[in-house]
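Let's take a look at this model together. Please have the sequence and the coordinates open as you read.

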Amino acid sequence: MKPMFLPCCVTVLAALFGGPVQAAPVDVILALDHSGSMKRTDPNRDSVQGVELFADLLGKDDRLEFMGFAGRAETLLPLTAGSGPAVRERLSRLAQALPMNGQRTDFGEALRLAYEDLIVAAAPPDTRRMVVIFSDGQLDLGDAAANNTAQALILALLPEFRAVGIKVYCVAFSAEADLAFLGRIAEATGGRALRAERVADIYKAFIRLFEETDQPLSVPVRDGRVAVDKEVRELKLLVERDSERERIRLVDPSGKEFDGQDKALGLEWRHHGPFDRITVPRPAVGTWRMLGASGEKKAYLDSDLDLGMEVHPPIRVGRPVEITVRLSYRGQPVSDQRLLEGLKVEVTGHGETGMSLEPLAWLPDARTGRPGEFHGLLRFAAEGGYRLAALAENPVFQRRREMSVTVLAAEPAAIPPAAAAPREEGPSPPAPVPAASAPVPGPPPPTAGNPSLGGLGWIVALNLILVALVGGGVWFWKYRSGRDKQQTLALRAARKSTEHGVPPRRPGPMP
């Protein structure tokens with residue numbers, strides 16, 4: 001089944017240009033398992049190269065902490081800002097020197113230390129925080145009883161992560177990984193659990209983590225081609241090689257060719273396992289081409305012309321969910337008609353189970369008066385994780401933004417009230433008379449717009465009051481009659497006693 005989408009609209013309005021827009025920074029703690037089992041599951045230390053690739057992709061305002069854990073956890077690189085050469089070299093040195101000789105594997109130790117470090121660290125209020133647990137995926141404290149106790153302690157700790165907005169991501173890269181338990185850890189904090197069964201999957205898992213962490217602005221790569229406009233300040237290309245023998249080449253709009261040995265144009269060319277990461281500052285406007293690459297290709301941008309996407313929770317199966325896409329320039333609505341003319345916006349996506357979503361598209365509409373903002377409703381047919389991508393393009397520019405969402409199960413249907421049995425024709429039964437001791441409700445207000453119904457309500461209320469008064473009077477008369485009778489009998493007994501010389505008894509209190 002494919003989900004149904006209801007398209008909506010967008011419009012145009014002039015707005016002033018503001019200062020450069022700044023994406024919210026991210027604080028990330030990377031916890032790498034260095035237990036003895038890692039020698040078998042990661043013999044070539046691809047996890048270390050994946051850590052280096054992840055750090056290389058982070059933005060200059062993001063902060064990264066690196067720790068190792070086995071039976072206990074230790075911070076090796078404290079939370080450090082920037083992704084410059086000095087930081088990358090220090091991280092690489094520490095990761096390469098981390099011995100894979102731990103005796104146990106305790107995720108709880110890594111989580112507790114990461115939580116403390118993030119809470120203590122001073123950060124701007126809009127900073128997003130996350131913890132990445134990278135392991136071969138088995139909690140191992142020696143025996144089943146110790147493992148069960150550790151699991152219970154970990155699950156009890158997770159609500160504290162969610163309360164302060166710290167998401168936990170787990171990456172497991174062995175067939176024996178306890179992905180079910182790692183999934184519980186991640187889902188309890190709003191994170192995600194990923195499995196990397198092959199070497200190439202380790203790098204792709206770190207790329208996925210980067211994209212979920214930073215949600216970078218990007219541009220589509222079509223047939224190895226990337227369109228660059230004048231608003232692009234920096235272009236970052238990530239190219240996968242199918243083998244070490246493949247030689248990646250980059251061609252600029254003028255036709256000049258570059259490779260990993262060239263330093264012209266300020267190119268920065270770095271190798272991470274099967275991936276090349278190429279940074280081009282102030283790229284020339286036009287079409288750039290990547291040659292010799294048969295694997296995955298991605299292009300990230302640094303630009304004042306930005307595209308944002310927001311999905312409004314809750315996200316449940318079958319329930320309409322609002323999605324908003326905004327095109328902005330330096331944080332303000334776009335007012336340049338060249339950017340709005342011929343603009344097309346669509347949202348596509350796919351589920352983790354492989355199900356693709358039909359594109360969600362909007363048509364321009366001049367009635368709303370809000371330039372560069374698009375709204376639509378979407379429905380998901382099945383629960384689980386989905387990856388959404390918003391694309392805005394016209395002949396002048398292209399912008400793309402991706403994000404992950406988790407679709408929850410449909411809310412349980414409300415139980416309908418039992419249907420009343422059909423009533424036979426005939427006179428209505430008399431209304432029940434309330435007991436005299438029950439509180440009597442006051443007359444209800446007349447129904448607006450229906451005088452006859454209001455009058456009937458007053459008659460019913462007056463009858464109820466009359467019945468209550470009559471019932472109360474009868475009860476009071478019986479009570480007084482009984483009391484008078486007892487007093488009369490007591491006086492007669494007193495007179496008889498006096499006549500026989502017995503002192504009269506004073507009557508006691510009446511019951």
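How many aromatic pairs does the structure hold?

## Aromatic pairs

There are seven aromatic pairs in the structure (rings of Phe, Tyr and Trp, the last by its six-membered ring, with centres within 6.5 Å; planes under 30 degrees apart are stacked, over 60 edge-to-face and the rest tilted). This is a predicted model, in which local features need pLDDT of at least 70 and side-chain atom pairs pLDDT 80 or more, while totals for chains, interfaces and linings use all residues. Residues are numbered from 1 along each chain as its sequence is written, and side-chain values use heavy atoms, leaving out hydrogens and water.

One of the pairs joins Y115 and F161, tilted because the ring centres are 5.1 Å apart and the planes stand at 55 degrees. Y115 is buried at 18% relative accessible area, and F161 is buried at 0% (buried means under 20%, exposed over 50%, partly exposed in between, with a 1.4 Å probe and protein chains only). Ring pairs also link F54, F134, F173 and F206 into a cluster.

## The sheet

Six strands form an open sheet in the order 5-4-3-6-7-8, with mixed pairing (strands are DSSP E runs of at least two residues and helices H or I runs of at least four, numbered from the N terminus; two strands pair if DSSP finds at least two bridges between them). Strand 5 (73–81) and strand 8 (193–195) stand at the edges with a single partner strand each, so one side of each is left without a neighbour in the sheet.

Strand 4 (residues 63–69) pairs with strand 5 in the antiparallel sense over six bridges, and F69 stands opposite A73 in strand 5.
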